[in-house]
Amino acid sequence: LLLGLVLALGACGEPRSPGGFGRLDVRAGLPDRLVLEGSPHEMGWWHGHLLRDRILKLRKSGEERLCKRAFGWNAVQVDDSTERVLALKQHLELCVDQTLHRLSERVLQELEGMAVATGLEPAELIRLDVARDAWRMKGMDGALPGAAGVGLVEGGFEARVLWGGEDAAWLAGNAVVIHRAPVGERESVTLTWPGSMGAVASATAGGRGYVACEVDMRDKRRLGFGGGRPFFVAAREALQTIGSAEDLLAASTATMGHLFVGFVARPGEQPAVESMGGVGAFQGSPDPIVALGDDPFLGLGPYEDAQNPDVKAVRESVVRPEGLSIEERWLRLREHAGRADGADGPEVRIAWTPGRTTFSFRRSADADAREIILRD
């Protein structure tokens, strides 16, 4: 009886899985790959359970960091009674409430599963995702600029995104690759940070996906939380249901300023990939809008309108020249990634050939890449 009581008490102290499966791979002391299987709620629970400590730490440090960058105040040390601070907090809470009412059912279930595992409310978990966009309306600049593109290779295509700016090092230190195997649906891989419902890059089996960055909008009239959800969350949701690259591009409207390149493999067709990209904001359609079409390469930098001379520079030096290898084009596009003095930074590559999609993430040039292969 005593042994049975001891075993029962021990079992009570362990969190009980609702089902599904999760595994966390660690490399160099950092979460490297999170494998999730099951229903949205089950995958959310495993996400929260395996990364609970990271999520709790990042929620506090991440919000403090954004506060300091946007407004010059620290969320812990500031006098919260000031009228300005109260107004800023109220704005964030309104945007959080909007987001919770506009999430798809499957993403909401995933968020609720994570809430059970971490002990945090869904509104607390989604705050960091929302703050990256909502506080840009109040003065915070986009700090994760980059360059992205898609190029044709023999038998398929390759997409890349190279991030720079103030948050590049933060992303390199906090990013985790999440490999999801949902019940009855295509497998997918995303790059994000612990606890996030969004993704800065994502791909599914079958060669569909996107890569994205932030863009600092000089024309602040184009900013607004018009989509009612953070852009990186909206993009990941769109990828679950899209049928074309044009549909994916449509998800880049109503943002605070994001560069977005979407792609869809088309086995047996010409061209073998449909790809479109642009810089989206709240006011107006994405600008510039570019399509791969019959060209061998599509490239974009973090420039908010088609009249920017740097947009022409990308087109003239990266996209149009004939006879360049794809590696030469990527090398030239790297100059537009927002990396000071050619500094190194994180990078994602997504390659597709019929039957195989490869997602590769490298934290820096001298780091080993994490590679995941998805089979059709």
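What share of the contacts in the protein with a separation of 6 or more comes from residues 24 or more positions apart? Such residues account for 61% of them, where contact means heavy atoms within 4.5 Å. This is a predicted model, in which local features need pLDDT of at least 70, side-chain atom pairs count only at pLDDT 80 or more, and totals for chains, interfaces and linings use all residues. Residues are numbered from 1 along each chain as its sequence is written, and side-chain values use heavy atoms, with hydrogens and water left out.

**The whole protein**
- You will find 11 helices and 15 strands here; these are DSSP runs numbered from the N terminus, helices being H or I with at least four residues and strands E with at least two.
- Of the 376 residues, 53% count as buried, meaning under 20% relative accessible area with a 1.4 Å probe, protein chains only.
- The C-alpha trace spans about 80 × 55 × 35 Å along its principal axes.

**The sheet**
- An open sheet is built from 6 strands in the order E12-E3-E4-E13-E14-E15, with antiparallel pairing; two strands pair if DSSP finds at least two bridges between them.
- Strands E12 (297-300) and E15 (370-375) stand at the edges with a single partner strand each, so one side of each has no neighbour in the sheet.
- Strands E4 (residues 156-163) and E13 (residues 347-353) are joined over 6 bridges in the antiparallel sense, and Ala159 stands opposite Ile350 in E13.

**A helix on the sheet**
- Helix H11 (residues 326-334) packs on the sheet and touches strands E3 (146-153), E4, E12 and E13.

Terms used: Axes fitted to C-alpha atoms, helices over the stretch in contact; angles between N-to-C directions. Buried < 20%, exposed > 50% of the residue type's maximum accessible area, 1.4 Å probe, protein only.
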